[in-house]
Amino acid sequence: MRRRRAAVAAGFCASFLLGSVLNVLFAPGSEPPRPGQSPGPSAAPGPGRRGGRGELARQIRARYEEVQRYSRGGPGPGAGRPERRRLMDLAPGGPGLQRPRPPRARPPPDGAPGWPPAPGPGSPGPGPRLGCAALRNVSGAQYVGSGYTKAVYRVRLPGGAAVALKAVDFSGHDLGSCVREFGARRGCYRLAAHKLLKEMVLLERLRHPNVLQLYGYCYQDSEDIPDTLTTITELGAPVEMIQLLQTSWEDRFRICLSLGRLLHHLAHSPLGSVTLLDFRPRQFVLVDGELKVTDLDDARVEETPCTSVADCILEFPARNFSLPCSAQGWCEGMNEKRNLYNAYRFFFTYLLPHSAPPSLRPLLGTIVNATGELTWGVDETLAQLETVLHLFRSGQYLQNATGSGAEYQRLPDSTITQEDYHCWPSYHHGGCLLSVFNLAEAVDVCESHAQCRAFVVTNQTTWTGRKLVFFKTGWSQVVADAGKTTYVKAPG
């Protein structure tokens, strides 16, 4: 796998130097056909393939209509149509300097909708967003990962900003299984690309601080596939649960709060209640400490239809829940409750309670239990998470603290260069760096650590405004450092 990724990355760098980066990005991981093999888009389905072109056209139309529903799902921002530009259109003096021309319709196979699809009223608009021109001289291409349908790459734009590029993975599961079944490469690409288009529309329609930002998109002919689609999005770091368990409780709580705010937004979105059918940590990324959903191609807006309570069983590997069937024939709150229980089993139960301030643990335990039993909805869950934030940020969780009464000598504009020790969890792997609300809490922390004899209050703060403090085993190496203050235990 490492050799394959290295080869892909090397191929990208060469392609950039040759000025044809987009052709590679639109066909990630694809290999040339073996001698005698014909991967052409017009290959006819073999006799063993069920359904033939008619079935493929039906699936394409179903996905097309889904995208159109989400495009028309309310006024929303950015109404308009996707812009399509080719690299040759953007050459100096070329047609790209004029008003961009609309997508060129391709003949649909057996009644399937044309590609690129006709724009809907709520489709992403041109606006001040990135297009093909921004991708002409990108550098530093790196393979990030891939799933069933898409491959993701990290590139750096000419201005220095790093972004993520998403495109249909030509060696992925979705495209490969479709080609094996129908033998129609172009039609299968179109089927897979509608998932990418759906995600692009939803990123635009569901704009929120905890939804990945869509920066732009580009339609570009790529070898045997015309009008391949690449989306340009905000770049985030993958969510690694093992690493998160080693971070501070404050940062882990921020992730859970971000998730609570996201689920509240999805439950009350302009499109209606949105559920994430594929809800796993890999569907999210971290951007400056905030959790953001990045993968929306498996999101669903429609609630589950029902005729009785028996149709409203919410199933999970460990347990099931029975929800009411409304008079209108919909399972009440199933989208919201599915999201909430997944948040509990993938995030809350691991990240919320462990190493939290003792006075906050009862409330955090109530949040975990209530989401695990689905006794709360997203509104109450978010309200309680915001309460925890208020108690933590304001220092009210310290109201019952008595204080140690220990005395420390203050040394302004100074720091201790060494004499570190390890504590957990720490913001610094080489020492004990923790956040505190005030000086009294710093003293209490130092008194609770047997090896602590001094601490340094830095000029850095966390996302809640708390001071970062280094705790030390001694103070034999005090040096000048403007903006920092050292406190050492008074003798006796």
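Predicted model: local features only at pLDDT ≥ 70, side-chain atom pairs only at ≥ 80, totals over all residues.
## A first look

Residues are numbered from 1 along each chain as its sequence is written, and side-chain values use heavy atoms, with hydrogens and water left out.

## The protein as a whole

The protein has 11 helices and 19 strands. Both kinds of element are DSSP runs numbered from the N terminus: helices are H or I runs of at least four residues, and strands are E runs of at least two.

Of the 492 residues in the protein, 50% are buried. Buried means under 20% relative accessible area, exposed means over 50%, and partly exposed is in between (1.4 Å probe, protein chains only). Among contacts with a separation of 6 or more, 70% are between residues 24 or more positions apart. A contact means heavy atoms within 4.5 Å.

## Helix H10 and its buried face

Helix H10 covers residues 378-394. Its 17 residues should span 24 Å at 1.5 Å a residue, and its end C-alpha atoms are 24 Å apart, in agreement with that value. The buried residues of H10 are Val378, Thr381, Leu382, Gln384, Leu385, Val388, Leu389 and Phe392. Looking down the axis of H10, these buried residues fall within an arc of 165°, so they line one face of the helix. The arc is taken from the directions that run from the helix axis to the C-beta atoms.

What do the buried residues of H10 pack against? Their partners are helix H7 (249-267), helix H8 (334-351) and helix H9 (361-373). Just after H10 comes Gly395, with a positive phi of about 80°.

## Where H7 meets H10

H7 is mostly covered, with 16 of its 19 residues buried. H7 and H10 pack at an angle of about 150°, and their axes are 9 Å apart. Axes are lines fitted to C-alpha atoms, for helices over the stretch in contact, and angles run from 0 to 180 degrees between N-to-C directions. The crossing of H7 and H10 is left-handed, a term used if the near helix is turned anticlockwise from the far one by less than a right angle, with clockwise giving right-handed.

On the H7 side, the residues in this contact include Trp249, Phe253, Leu257 and His264. On the H10 side, they include Asp379, Leu382, Glu386 and Phe392. The residues of the contact divide into 12 nonpolar, 2 polar and 4 charged. In this grouping Ala, Val, Leu, Ile, Met, Phe, Trp, Tyr, Cys and Pro count as nonpolar, Asp, Glu, Lys and Arg as charged, and the others, Gly among them, as polar.

## Helix H9, a neighbour

The 13 residues of H9 should span 18 Å at 1.5 Å a residue, and the end C-alpha atoms of H9 are 18 Å apart, which agrees. Leu364, Ile367, Val368, Ala370, Thr371 and Gly372 are the buried residues of H9. They pack against H7, strand S14 (320-322), H8 and H10. Just after H9, Leu374 has a positive phi of about 55°.

Gly272 sits in the loop between H7 and strand S9 (275-276). With a relative accessible area of 25%, Gly272 is partly exposed. Gly272 and Val301 are 29 residues apart in sequence, yet 6.3 Å apart in space, C-alpha to C-alpha.

Is Asp227 buried or exposed? Asp227 is buried, at 0% relative accessibility. Asp227 belongs to strand S7 (residues 225-233) and has a positive phi of about 55° although it is not a glycine. Asp288 also has a positive phi, near 55°, but Asp288 is exposed, with a relative accessible area of 70%. Asp288 lies in the loop between strand S10 (284-287) and strand S11 (290-293).

Thr415 lies in strand S15 (residues 408-416) and is buried, with a relative accessible area of 11%. Finally, Trp424 and Pro425 are joined by a cis peptide bond, with omega about -5°. Pro425 is in the loop between S15 and strand S16 (432-436).

Methods:
Expected span 1.5 Å × (residues − 1).
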